[in-house]
Structure formats: C-alpha cells, structure tokens
Amino acid sequence: MSPPGTSRLVGVQELADTLDTVVVVDVIRAFTVAAWAFARGAERIVLAADADRALALKERYPGALAVKDGPPAPGFGTVNSPGLVSRLDLAGRTVIQTTTSGTVGALAARHAARVICASFVVAGATARELRRHRPADVTYLVTGDGGHADEDRACAEYIAALVEDPTVDAAPFVHRAARSVAAADLVEGVRRGYPGTHADDLPLCLQHDRFPFAMLVDDRDGDAVVRPVPPGGSGG
C-alpha cells in the first residue's frame, strides 16, 4: 500500500486553518501515559484543556479517573506519569486527561479531518494507520517547547520515516529523544523526588513500538475523545 502524500512538522501556532490529518506528538509524557492507560484497560480518554475542565468532565463520566500534570491534587486520581499509570487497573474506565502540551495540542487540532495522538510507544501503529488511510496531507504537531521539543520532533520524524519504510531503525530517533532537554528535566525531577514523577517514566517514554494500536480522536460527541484503533481497525 502506498504511503501518504506531503507532510510537515509544525508547532501549535503554525497550524493551518484547513487540515487533512494531524498527528499530535507528545512523548514526555502525555501520549505515553494515554497509551499505557489503554494498555491497562481504559475504554476512552477524554481530553481537557485545563484542570477545571477536567474536573467538570469527570462529573459527566461516572467512575472516570482524572489525570493531570504536576503533583497530586484533589479530584485527580493520579498524575501524568507512565510509571504510575502502568500500575493501575483501568478496565472499562474513562480517563480524563489534561496536560500542559499534549492535550492542548490535540484540542487545538480538532478542526482537522482526522487527529491521531502519538508517542514512541505507538509510533509503528501510527505509521500503519497513516499507510492504511493514505491521507493526501499529514501535519505532525510537535507539542513540546512551542514546537521545538527534540523528543517530539524525533518521534514525528520516526513515524514519518516508518510510513516510507517500515523497517527503519528506531535507535537514532530514540537516542535523540533520550538526550533532549525534557528527558534531562524528567531525570532531574525523579532524582529530586518531585511529586508526579516516577523512576520508570523516562524508560517507558523511550520504548518504541510497544503497543499495536493507534490513538484516534473522535469529536463526534462534543468532547475530544481518544480511542484505541487496533491493526486493521476502523479508523473513522
């Protein structure tokens, strides 16, 4: 099956008004956390612009678990840490997720025809989804550091390379991510014992192609709802 057409890497401020497919990338840590939530059984993830919106959405989804950046806070069941989320039983539950970069980026791209959330752990599945649908135009939205985060850019470039060649080596891209500013900040946060971090966070963020599903945003119900799409599944 032939790969998609043109692609570009942009930050949120550079998003065009009319878009075909947007791949929203947040490696450290939003969409690594999202993937782990699905791996632990979550049915859906509802994206929220901020903490207040997350708590409001939590009231609309009975039994929902709210997740945020930073330290624990009232009303939130856990924090945006893959090391912590990977230890939870989320079978059948709804997760409400708000972060400073990834969820904000995905919400900013809601006007696109299709929105896919991505990180290294679902990179291969994301590339397969792109190859399956063959969009004419793909925009990779780099959410971290105003569109300059090297871990997100490396992941976006890895996905784009996989679309062209499924056998491409992940190592150079993961190595770049491991040396990024965000990775160093996370390591330092763990070393200092900052609330909301876990020693397994960075290793989990740097695992590539761990999960077989892509993560598509469904905006049909009025909320930005992320759902996993298995290989060959219905991508909308």
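Buried, here, means a relative accessible area under 20%. This is a predicted model, and Phe 213, with a relative accessible area of 11%, falls under that cut-off, so Phe 213 is buried. Phe 38 counts as buried too, because its relative accessibility is 7%.

Now for the rings. The model has 5 aromatic pairs. A pair of rings is described by the distance of the centres and the angle of the planes, and two of the pairs look like this:

| Pair | Centre to centre | Angle between planes | Type |
|---|---|---|---|
| Phe 38 and Phe 213 | 6.0 Å | 85° | edge-to-face |
| Phe 211 and Phe 213 | 5.5 Å | 10° | stacked |

Phe 211 is buried, as is Phe 213.

Elsewhere, the charged end of Lys 68 sits over the ring of Phe 76, 6.0 Å from the ring centre.

On to the nonpolar side. The largest core has 37 residues, and Val 24, Phe 31, Ile 45, Met 215 and Val 226 have the most contacts inside it. Helix α1 gives the largest share of this core, 8 residues. Setting aside residues up to four places away in sequence, Val 226 touches several residues, including Phe 38, Ile 45, Cys 117 and Met 215. Another core, of 32 residues, lies apart from the largest one; among its members are Ile 28, Ala 156, Phe 173 and Leu 202.

Note on methods:
Residues numbered from 1 in each chain as written. Predicted model: local features only at pLDDT ≥ 70, side-chain atom pairs only at ≥ 80, totals over all residues. Heavy atoms only, no water. Phe/Tyr/Trp six-rings, centres within 6.5 Å; stacked < 30°, edge-to-face > 60°. Buried < 20%, exposed > 50% of the residue type's maximum accessible area, 1.4 Å probe, protein only. Lys NZ or Arg CZ within 6 Å of the ring centre and 35° of its normal. Core = buried A, V, L, I, M, F, W, Y, C linked by side-chain atoms within 4.5 Å. Helix = DSSP H or I, 4+ residues; strand = E, 2+ residues; numbered from the N terminus. Contact = heavy atoms within 4.5 Å.
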